[in-house]
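Reader: I have a model open and want to learn how to read its features. Can you take me through them?

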Amino acid sequence: MDYTQSNSFVTDAGTGQRMHLAAQAVPTAVSDNDMNQVIWELMEIVKAGGQVGAPFDKAVPATYQKLLTALRAAGVFTTAAALDNTTKAATTAFVRAELLQLGNAAYAAIFGNSKTASGYQRLPGGLIVQWGIISVSVGGGFTWTYPIAFPNAALQAYASVYAATVGDVILRTAQPVSPLGASSAQFAASVSGAAVASNTGFSLLAIGH
C-alpha cells in the first residue's frame, strides 16, 4: 500500500505524509487508485487464507467476514525457522517445533537428563538432581564423583546402604563430609561404628544448581 495519490491530497504537517482532508474548501476525493490499492491489499490476505471474495450483503455475515476468517486460517502467516529470535509472528507450527526442541542438544543445558543408574535431571529454575550407586572396598570412606559437575554448587548429598541383607543395611552407614564439592562429595562409611573394610554398596543422591 501507499499513501493517497488523489489529485487533491494535503500533506500532514506532523508526518509529511499525503492524506485526505474533508475540511478544506474542496474536500479531498478518494481516487480509484486509493480504493483499488486498499481492496487489492486486503484481497491478498483473503486469498492467502483460502477464502474467495464475495459481493457485500449485510444480511449474509460471511460476505463481510472474509478477512477475519482468513486471519484465523493457515496460510496467512509464515512459520519462522527454528530458534528464530526476531519479532515475527509465532505460528502454532513454530511453537510446536520449539517445544519439540526441548529434547534436543540445543536445550540439554537447560532441561537435559541421563536416565541411567548413575544419572541426573536438570529442572526448571536451575536445580539439578543427581543419583548413583557406588561399591566401596577401601576402609573409612569414599569419594563420589557426580555424573556431571554442578555449575554453581552442591546443596545436599545423601548416601544409604545398598546391601543384599537387612542386617547389612541396618549396621552400615555413610555420612557426607563437609564441604560438598561442585564435582564430587566425600562420605565417611562405617559398620557398627567401625570403618568399612569390606566391599559395600551405597545408593547416592545429590541436589545442587
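This is a predicted model: local features need pLDDT of at least 70, side-chain atom pairs count only at pLDDT 80 or more; totals for chains, interfaces and linings use all residues.

Reader: What share of the residues is buried?

Author: Buried means under 20% relative accessible area, exposed over 50%, and partly exposed in between, with a 1.4 Å probe and protein chains only. Of the 209 residues in the chain, 23% are buried.

Reader: How many aromatic pairs does a search of the whole structure find?

Author: A pair of aromatic rings is described by the distance of the centres and the angle of the planes. Rings of Phe, Tyr and Trp (its six-membered ring) pair if their centres lie within 6.5 Å; planes under 30 degrees apart count as stacked, over 60 as edge-to-face and the rest as tilted. The search finds 5 aromatic pairs. Take Phe 56 and Tyr 64: the centres are 5.8 Å apart and the planes at 45°, so this pair is tilted. Phe 56 is exposed, at 63% relative accessible area. Tyr 64 is partly exposed, at 44%.

Reader: How do the rings of Phe 142 and Phe 187 pair, and why?

Author: Their centres lie 5.1 Å apart with the planes at 15°, so the pair is stacked. It links distant parts of the chain, 45 residues apart: Phe 142 is in strand S6 (residues 141-145) and Phe 187 in strand S9 (residues 184-191). Phe 142 is buried at 8% relative accessibility. Phe 187 is buried at 3%. Ring pairs join Phe 142, Phe 187 and Phe 202 into a cluster.

Reader: Which residues of the largest nonpolar core touch the most other members?

Author: A nonpolar core is a set of buried Ala, Val, Leu, Ile, Met, Phe, Trp, Tyr and Cys residues joined through side-chain atoms within 4.5 Å. The largest has 20 residues, and Phe 142, Tyr 146, Phe 187, Phe 202 and Leu 204 touch the most other members. Two or more residues come from each of strand S5 (128-136), S6, strand S7 (154-162), S9 and strand S11 (200-208). S7 gives the largest share, 4 residues.

Reader: What lines the largest pocket?

Author: On a 1 Å grid over the protein atoms alone, a pocket is an open set of points where a 1.4 Å probe fits, with protein on both sides within 12 Å along at least five of seven lines; lining residues have an atom within 4 Å of a point. Its lining includes Val 38, Leu 42, Met 43, Thr 63 and Lys 66. Helix H1 (32-48) and helix H2 (66-71) each supply at least two lining residues. The largest share, 5 residues, comes from H1.

Reader: Which peptide bond is cis?

Author: Most residues other than glycine have a negative phi, and most peptide bonds are trans. The bond from Ser 178 to Pro 179 is cis, with omega near -5°. Pro 179 lies in the loop between strand S8 (172-177) and S9.

Reader: Where is Leu 83?

Author: Leu 83 is in the loop between H2 and helix H3 (92-100). Its phi is positive, near 65°. Leu 83 is partly exposed, at 49% relative accessible area.

Note on methods: Residues are numbered from 1 along each chain as its sequence is written. Side-chain values use heavy atoms; hydrogens and water are left out.
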